[in-house]
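My notes follow in the order I made them.

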Amino acid sequence: MGKYAVGFDLGGTTCKVGFFSEDGKLIEKWEVPTDKKNDGRNILPNLAENIHSYLHGKKIPLSDIVGGGIGVPGAVTPDGIVNKCVNLGWDKKVPIEAKMTELCGFPVKAGNDANVAAMGEYYMGAGKGSQSMVMVTLGTGIGGGIIIEGKMLVGFNGAGGEIGHIHVDDSETEACGCGNKGCIEQYASATGIVRLAHRALLRESMDSPLRTMEHITAKDVFDQAKAGDTLSNIIADEVCTRLGKMLAGVANVINPEVFVLGGGVSKAGEIIIDKLRPAFEKDAFHACRGTKIELATLGNDAGMYGCVGLVLNK
């Protein structure tokens with residue numbers, strides 16, 4: 001009889017659940033609504049009930065499950081405790097590993113969602129086969145995950161890998177969501193790129209298709225840059241220069257084998273790597289200049305893969 005693992009990628013709206021073989025291949029996936037009522041007390045019991053129902057329907061005994069992993073949108077301590085998670089309605093500490101293990105009847109490991117997405121790319125995606133990897137998720141914000149010799153760098157209190165809040169600009173006057181000013185998230189996230197676009201439209205006088213758009217997106221900026229629009233290229237260059245300098249700083253400290261860029265912004269493709277590479281090589285320590293920079297390959301499934309990677313990756 002085969003052995004299996006379960007990945008729970010828990011978000012504020014739904015939880016993506018993946019059922020995997022022991023060798024890390026995705027067999028089936030589905031979603032479970034995230035019930036945040038009553039301070040999110042039903043979230044974990046609902047997930048356990050859902051997987052038990054699935055196993056019962058497939059006639060798979062609990063003894064065939066080697067373990068599970070769960071990613072959450074908040075900091076997770078090395079001993080499996082979520083200090084709090086506003087997006088899930090949790091306003092106090094939740095011993096998530098112990099609770100899920102008790103509810104599910106098989107061992108469950110937990111991690112921050114950005115970290116487990118990184119683990120997914122390391123385990124079965126763009127970082128597969130590498131010794132060390134840093135993932136940068138360019139979405140609405142910027143997340144990060146650092147993996148060294150198969151182990152996630154989670155930090156003393158679970159806040160390791162907060163790459164989006166590396167400071168890159170002393171002159172910034174607007175505050176980042178974290179409360180500081182000048183974080184890379186303010187320039188290279190989807191919202192940051194739109195912010196730079198509006199600044200550029202006010203600063204520059206040249207014509208651009210961006211001026212005719214009611215609601216500019218980060219995708220619009222890179223699409224127009226690829227089409228040859230001068231203003232869009234100015235914006236994209238600013239975004240990628242800041243991103244390249246930031247990655248150089250990370251490389252100088254971590255010296256990873258590969259950087260993996262994920263998130264919605266990364267769907268712009270190779271143009272991002274092409275534009276950030278000169279700034280990266282200019283600021284990186286000479287031994288780090290050849291670091292590989294790749295695009296993520298697992299998309300929205302990275303979190304599920306990473307959750308089972310917590311259990312299966314040796």
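This is a predicted model: local features need pLDDT of at least 70, side-chain atom pairs count only at pLDDT 80 or more; totals for chains, interfaces and linings use all residues.

**Entry 1: the second largest pocket**

I started with the second largest pocket and asked which elements give at least two residues each to its lining. They are strand 5 (108–112), helix 4, strand 8 (151–152) and helix 10. Strand 5 has the largest share, at four residues.

I then looked up the volume, which comes to about 350 Å³. The lining has 19 residues, and K109, A110, M152, V154 and L310 are the ones nearest the centre of this pocket. Sorted by class, I get seven nonpolar, nine polar and three charged residues in the lining.

**Entry 2: the largest pocket**

Next I went to the largest pocket, which holds about 1100 Å³ of space. I count 45 residues in its lining, with D113, A114, A117, T137 and G143 nearest the centre.

Where does the lining come from? At least two residues each come from strand 1 (4–10), strand 2 (14–21), helix 4 (113–124), strand 6 (132–138), strand 7 (142–148) and helix 10 (302–312). Helix 4 supplies the largest share, five residues.

By class, the lining of the largest pocket splits into 23 polar, 14 nonpolar and eight charged residues.

On to the nonpolar interior. In soluble globular proteins, nonpolar side chains tend to be buried together. Here the largest nonpolar core has 43 residues, and F222, I235, I272, L276 and F280 have the most contacts inside it. Several elements supply at least two residues each to this core, among them strand 6, strand 7, helix 6 (190–203), helix 7 (218–226), helix 8 (230–254) and helix 9 (270–283). Helix 8 gives the most, with eleven residues.

Leaving out residues up to four places away in sequence, F222 touches I193, A236, V239, C240, V265, A268, I271 and I272. I also found a second, separate core, this one of 32 residues, including W30, I70, C85 and I96.

**Entry 3: helix 6 against helix 7**

F222 sent me to the packing of these two helices. Two packed helices are described by the angle between their axes and the distance between the axes. For helix 6 and helix 7 I have an angle of about 65 degrees and axes 8 Å apart. On the helix 6 side the contact is made by A190, I193, V194 and A197, and on the helix 7 side by A218, V221 and F222. What classes of residue make this contact? There are seven nonpolar residues, no polar and no charged ones.

While in helix 6 I also checked L201, which lies in that helix. I call L201 buried because its relative accessible area is 15%, and the cut-off is under 20%. Neighbours within four places aside, L201 is in contact with L210, R211, I216 and L231. L201 and G111 are 90 residues apart along the chain, and their C-alpha atoms are separated by 40 Å.

**Entry 4: M133**

Is M133 buried or exposed? M133 is found in strand 6, and I list it as buried because its relative accessible area is 0%. Leaving aside neighbours within four places in sequence, M133 is in contact with A118, E121, Y122, G127, G145, I146, I147, P256, V258 and V260. I also checked M133 against M119: they are 14 residues apart in sequence, and 8.9 Å apart in space from C-alpha to C-alpha.

**Entry 5: positive phi**

Last, I looked at two backbone angles. Phi of D39 is near 60 degrees, a positive value in a residue other than glycine. D39 is found in helix 1 (residues 37–40). With a relative accessible area of 43%, D39 is partly exposed.

E149 also has a positive phi without being glycine, at near 50 degrees. Where does E149 lie? E149 is in the loop between strand 7 and strand 8. At 61% relative accessibility I put E149 down as exposed, since the cut-off for that is over 50%.

How values were computed:
Residues are numbered from 1 along each chain as its sequence is written. Side-chain values use heavy atoms; hydrogens and water are left out. On a 1 Å grid over the protein atoms alone, a cavity is a set of points where a 1.4 Å probe fits but cannot get out, and a pocket is an open set with protein on both sides within 12 Å along at least five of seven lines; lining residues have an atom within 4 Å of a point. Grid points are joined across faces, edges and corners, and a volume is the space filled by probe spheres set on the points. Ala, Val, Leu, Ile, Met, Phe, Trp, Tyr, Cys and Pro count as nonpolar, Asp, Glu, Lys and Arg as charged, and the others, Gly among them, as polar. A nonpolar core is a set of buried Ala, Val, Leu, Ile, Met, Phe, Trp, Tyr and Cys residues joined through side-chain atoms within 4.5 Å. Buried means under 20% relative accessible area, exposed over 50%, partly exposed in between (1.4 Å probe, protein chains only). Contact means heavy atoms within 4.5 Å. Axes are lines fitted to C-alpha atoms, for helices over the stretch in contact, and angles run from 0 to 180 degrees between N-to-C directions.
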